[in-house]
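I opened this notebook to look up how the parts of one model meet, and I wanted to write down each term with its cut-offs as I went.

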Amino acid sequence: MMTIRALRSPQLALGVRVCGRCWRHDGPRHQRADPLGTDGARTEAKQEVDGAETAARPKGFRTKVVEFFRPAGNALNEVRKLANETFTQMKRDDLEQLMFEDSRILWKFRGPEDLDQWLVTSDKEMGGKSEAYLTLSENNTAFFHGVTNIEVPKDGVTRYSGYAAMRSKQRKAAFNRRSQMDLTPFNILNLRVRGDGRSYMITLAPESYFSSQWDDLWCYFFFTRGGPHWQDIQIPFSKFFLTSKGRVQDAQSAVPKDRINTIGITLGDKINGPFELEIDFMGVTMDLTHKEEFAYEQYYQGPRRKRFTKKPLLSTKDW
Amino acid sequence: MANLTRIFSRQMQLCARTFPGGLFKQCRNSVYTTCSGALQKAPACPSGSYRQKTAQLHSSSQHLAAKDTQERNDSRALVLHQQIFEDIDPEVRTKANFLKVLDNFTKKDIRRRGHVEFIYAALAKMKDFGVQKDLEVYNKIFDVFPKEVFVPTNFIQSLYNHYPRQQETGIAILEQMEYHGVMPSAETADLIIKVFGFRSHPMKKFRRILYWFPKFRHINPYPLPDPLPTDPVDLARLALRRMADDRKAEFKIYQREDDETESQVKTYVTSIQTVEQQKMLAEHPQDVPVYVEGSFRLWLKDKQVYYHILRSDLLEGTKEQGMKEKEWVEDDFTKNNEERRRWLDPVAFVENVPEGPVFAICITGSSCQESLNTWIKGLQEDNPALKKIPVIFKLSSASTQLAAAQ
């Protein structure tokens, strides 16, 4: 797997981010002139790319030598990472925790370094006027704030607008492989937040193989109370429903907890105005009293299926 | 056949002559333009003989729909459907007038020529008339479609996408209903079946709405009445009850807008305090100041209210507010072993954000210091201990806080 991806785009294996506009495309897929002239969203990654461009200057001999050998150094680094991973897996010193743990903290916001693992986007990317920021609050927790604006950009195509979202960055293993979270031992998603009375949405993006599944998101809503008190929220994974490109799908299934790539929080409640959400931590727990596996019907509406297709032909776990 | 072709080409010429962009562009405009204020008039046509002949054949949607406008103005202007709605004076844009426009269109022509463009124009203008959440109006819009024309009658028709443009329009109506949270009724279903048949895309969309809407209807744990009360005191009561998170919390109105008071500001002052908060305030040391902080923002649906809180810093040795005792099942593995428990269940042991206690929340009409003084005076009567505790005002508007954070 690794080899194939590295062959296809060498910059991938060497950790060069070509696309600064989004979290997913590693290739130069988003590198086009902004059709609307809105300058896109000033995400962190974008600014990095901009900085790299402006810093270009004629190179001396020493720089050239260093740059020539950098790939080798990077590759060595990756090899080291891979060895580390393998070694950690072999040691298995967390076996007891794996067997008996009741909960796990995914993100705890206690300082600026915890915010680096998140990407913030808004409809500015497609010409809208919403703004979103993720900063540190006075209490050293995450403070997701900004202004949503449902004014639709006049490009003749867009029909709805006005969202703000924060999304965890894709975790990477050695050789830039995407690595997934395995949340199978748990069935509840926990949050401690302090909001402003607006309703938000949690999105889970699992790893998938086929291109038609790349936009799959499992979503559920949470409602903030508002006011000065903190609020503990528990959302069972069974409640998450499948959407793709913002549309709820007919054929529903439970979220594949074994391969979650990213988790995000989205706001899009058709209201114009500022929002504030303070987030303390996000975690997962196992609640044995929650028996539900999936909250929605899963009847199949298509043509009758063949008999021996219950097992998936190709599972991402296999590679 | 040759004759027909000739007529057709003539018509195309005419179109090209009247509109620089061609007829197609104009049709598109009627669908996509939402705020074109200018009346789009065609230049006067030369009254040649061919013009009169083709006038009967020229059955463009705009031409027919705009007939009454033409008669009224005594001109041969072509008018977009959009214009029919825009012609209505903004002051009389009501539900009755909206329905009248729909009725006029429906009665004009049994074939309902140009209904697709008309429906898109109507959908775009619903918000102006304040009917975007009205189920009856949506049903009337569905009624604009000619009945039984688009129902597939043989297997080829039902195999392919029968009358795709019309079906898209039907879906657009349902999507707008979905956007505004309007649950379609049985009458809507009857209309859809009459217009498109049961096995059609709008019907599919209808059934999707019918499946998903009830699923999410009651998931909000903090429900609000619809519509929200217009009285600001009622709104404040809703907001404070929601924020206090305690059914026994006492809601009080310290001042009404029409009260005779010595203070200059005529406004309402409402407050909420729980029994626990009263107890905490009574036990608060007298030499440690308490703060009045605000204003903070709370959204109730699409309305904002601003509130202030009375709080103090976290004192050494006192239990943090909001800290709840976590309970867990003591099994053999973790019995008398908190460290191990902490390791296996870290979520139960996330330390609380170090914050002082909140003693009361208030909402006033003006959010000014005068009204907050009234609030503190009222609180002092309910909490005698507060008379001896110094109160410090730390006020800023919600927007400046946001600016500072950025």
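Entry 1. I began inside chain A, where 7 residues of domain 2 are in contact (heavy atoms within 4.5 Å) with 6 residues of domain 3.

Entry 2. I noted how the model is to be read: it is predicted, local features need pLDDT of at least 70, side-chain atom pairs count only at pLDDT 80 or more, and totals for chains, interfaces and linings use all residues. Residues are numbered from 1 along each chain as its sequence is written, chains are lettered from A and ligands numbered from 1 in the order in which they are written, and side-chain values use heavy atoms, with hydrogens and water left out.

Entry 3. I then looked up A:Glu85 again and found that it forms a salt bridge (a side-chain nitrogen of Lys or Arg within 4 Å of a carboxyl oxygen of Asp or Glu) with A:Arg177, the closest N and O atoms being 2.7 Å apart.

Entry 4. Turning to the two chains, I found 58 residues of chain A in contact with 47 residues of chain B. Between chain A and chain B I recorded 9 salt bridges, and B:Arg297 forms one with A:Glu276.
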